[in-house]
Number of protein chains: 2
Amino acid sequence: MKDITELLGIRYPIIQGGMAWVAEYHLAAAVSKGGGLGLIASGSADADFVRGQVQAVRERTDRPFGVNIMMMNPLADDLMQLVIDEKVPAITTGAGNPGKYIPALKEAGVIVIPVVASAALAKRMERAGADAIVAEGCEAGGHIGEITTMNLVPQVADAVKIPVIAAGGIATGRQAAAAFLLGAKGLQVGTRFLAATEAQVAQSYKDRVLAASDTDTVVTGRSTGHPVRVLKNKLMREILSREKEGIDPEEFENLMAGTLRKAVVDGDTDFGSLMAGQSAGLVTKEQPAAEIMEEIMREMREAYASLGAYFAAN
Amino acid sequence: MKDITELLGIRYPIIQGGMAWVAEYHLAAAVSKGGGLGLIASGSADADFVRGQVQAVRERTDRPFGVNIMMMNPLADDLMQLVIDEKVPAITTGAGNPGKYIPALKEAGVIVIPVVASAALAKRMERAGADAIVAEGCEAGGHIGEITTMNLVPQVADAVKIPVIAAGGIATGRQAAAAFLLGAKGLQVGTRFLAATEAQVAQSYKDRVLAASDTDTVVTGRSTGHPVRVLKNKLMREILSREKEGIDPEEFENLMAGTLRKAVVDGDTDFGSLMAGQSAGLVTKEQPAAEIMEEIMREMREAYASLGAYFAAN
């Protein structure tokens with residue numbers, strides 16, 4: 001099995017989460033420059049917008065980077081063509097099955113890494129030709145599945161032969177080392193990069209992440225079948241109480257519409273969607289992306305050494 | 001900080017989960033005999049019943065064992081007195097604050113280990129005089145909190161100085177090693193012991209655990225504020241659909257009443273509460289408790305060695 005650094009041509013086995021609105025070219029370029037795989041989140045954007053983002057990353061670094069594509073985006077066809085035309089080194093995909101695009105992507109040399117939340121879907125993606133898999137636990141921020149990182153990663157690692165990248169609530173080197181023990185060959189980091197110096201995220205949103213404790217996230221949308229993890233605020237308290245009474249899915253969508261932009265761009269911490277993982281409680285300072293990755297790698301080795309000390313003594 | 005093996009006088013840093021109906025003297029004695037800390041779950045039982053269980057464990061082994069006490073049991077006062085009178089080596093506590101009992105317990109030499117689901121509660125328990133803490137992630141079977149093991153354990157370990165025992169979805173040595181990297185000094189194992197040879201659990205229930213995949217658990221009771229993780233079956237599909245329509249908490253309680261006994265004792269896999277953690281997908285064989293612990297310890301060392309190989313190569 002190829003290591004994820006070898007597969008992607010990167011220095012550290014770290015890829016950045018494809019966070020809508022947050023994962024734009026400043027952050028992606030900083031992560032790639034720093035030795036990881038930076039990602040542009042295409043969200044519901046069109047090909048022209050994403051082309052501009054791709055070019056902006058390339059102006060800043062010649063290192064590998066990627067684009068995240070949501071399969072439910074009606075413009076997914078165009079985005080896949082763009083990725084092929086622009087020879088984007090890698091893509092991650094969410095919310096659907098990229099299988100039908102994989103032959104053309106592989107022919108163009110694009111590395112394809114679907115994000116999954118179950119072992120069965122991981123197997124399906126491997127059969128479709130995926131190069132690696134992101135196994136994302138339910139402690140992640142934003143749209144989530146039901147299985148935790150501690151349980152998803154080993155079950156996906158047992159199910160497939162392609163490399164598994166652990167995601168969901170991983171912000172520190174201790175957790176990174178733990179994920180490797182569970183069978184991961186790489187990490188996807190979201191929330192900690194959201195608070196990176198280079199992330200174009202309203203300071204008030206970053207400050208809420210930095211101040212958060214372990215119990216500060218909630219999950220909305222469970223009643224509609226589309227769970228999303230966010231920091232508690234006025235909007236989310238309102239939505240959760242409406243969900244308890246039994247909210248109509250359409251009304252739920254209306255209440256959520258535009259709220260992520262409101263958080264990231266406008267910095268509205270009361271009525272914006274402050275997407276964040278449970279690891280927000282472990283993210284305590286704003287740092288450059290490169291420093292974050294160096295720290296994670298250093299802490300990984302330290303955590304490993306301390307476990308060695310435990311075994312030597314027992 | 002004392003190691004958990006030293007604190008409890010046991011060979012392996014493994015304690016058995018206090019699973020109601022499942023954790024009775026056969027299983028507890030087998031775990032204690034095998035080198036871990038076996039536990040008797042007192043559930044809603046009275047002191048006489050628990051005294052019989054304690055004596056039955058003592059007839060089988062002279063090694064340390066414990067009793068799990070639910071603080072919401074109206075008979076908690078009696079059970080605490082029983083533990084003191086019988087000089088039970090250790091207790092774990094759930095569903096409430098055992099603080100007021102701690103001085104008397106400590107005077108009697110009983111080791112007190114509350115089970116918590118947040119860093120704030122762990123801190124409160126430490127201040128109250130707890131000897132160690134079980135930090136239980138939401139992937140656990142039965143009554144659960146909201147934070148995953150991967151995120152709860154490091155945040156609790158950062159918050160307290162007493163030893164942290166990781167719980168929630170831990171069934172294998174890889175996960176055990178991961179938990180140690182996250183800051184744990186010991187493990188609580190539930191679901192895997194539920195399928196132990198010595199566990200007095202209907203074979204049909206064990207078989208459902210052994211056959212489960214990663215996606216086979218669901219959480220009922222989120223709408224009533226008392227979430228419980230169980231394997232999917234007819235009863236749970238019915239309850240989940242009723243919860244979606246907005247079920248009355250009292251009606252919910254009526255639907256659940258007696259269903260755990262129905263699963264454990266009667267083996268009714270359709271209408272019983274098949275409590276199990278997400279690690280059910282990793283539990284694939286029925287084994288003696290002692291063998292389970294030996295395997296976890298061996299796998300821990302193997303996982304650690306393989307991470308060493310990774311660092312040597314990178």
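Begin by selecting Glu295(B), which is found in helix α14 of chain B; helices (H or I, at least four residues) and strands (E, at least two) are DSSP runs, numbered from the N terminus. The model is predicted, so local features need pLDDT of at least 70 and side-chain atom pairs count only at pLDDT 80 or more, whereas totals for chains, interfaces and linings use all residues. Residues are numbered from 1 along each chain as its sequence is written, chains are lettered from A and ligands numbered from 1 in the order in which they are written, and side-chain values use heavy atoms, with hydrogens and water left out.

**Around Glu295(B)**

Glu295(B) is buried, at a relative accessible area of 12% (buried means under 20%, exposed over 50%, partly exposed in between; 1.4 Å probe, protein chains only). Display its neighbours: leaving aside residues up to four places away in sequence, Glu295(B) touches Arg192(B), Lys285(B) and Gln287(B), where contact means heavy atoms within 4.5 Å. The side chains of Glu295(B) and Gln287(B) are joined by a polar contact of 2.8 Å (a pair of N or O atoms within 3.5 Å; within protein, one must be able to donate a hydrogen and the other to accept it, and residues adjacent in sequence count only if both atoms are side-chain atoms).

**Salt bridges within each chain**

Move to chain A and select Lys285(A) and Glu295(A), whose side chains meet in a salt bridge of 3.8 Å, N to O; the rule asks for a side-chain nitrogen of Lys or Arg within 4 Å of a carboxyl oxygen of Asp or Glu. Lys285(A) lies in the loop between α13 (259-264) and α14 (289-313) of chain A and Glu295(A) in helix α14, so the pair ties together parts that are ten residues apart in sequence. Lys285(A) is partly exposed at 40% relative accessibility, while Glu295(A) is buried at 13%.

Next, select Arg51(B) and Asp48(B), a salt bridge with its closest N and O atoms 3.0 Å apart. Both residues lie in helix α3 (residues 47-60) of chain B, three residues apart, about one turn of the helix. Arg51(B) is partly exposed at 26%, and Asp48(B) is exposed at 57%. In chain A, salt bridges that share partners join Asp48(A), Arg51(A), Arg58(A) and Glu86(A) into one network.

**The sheet in chain B**

Select β7, β11 and β10 of chain B, which form an open, antiparallel sheet of three strands in that order. Its edge strands are β7 (142-143) and β10 (217-220), each pairing on one side only. Between β7(B) and β11(B) (residues 228-231) there are two bridges, and two strands pair if DSSP finds at least two bridges between them. Gly142(B) stands opposite Arg229(B).

**The interface**

Finally, show both chains together. How many residues of chain B are in contact with chain A? There are 46, and they meet 46 residues of chain A. The buried area is about 4300 Å², of which carbon and sulfur atoms give 60%; it is the accessible area (1.4 Å probe) that two parts lose on being put together, summed over both. Met150(B), Leu181(B) and Tyr304(B) supply 17% of the area that chain B buries against chain A, more than any other three residues. Two salt bridges cross the interface. Asp158(B) forms a salt bridge with Arg174(A), the closest N and O atoms being 3.2 Å apart.
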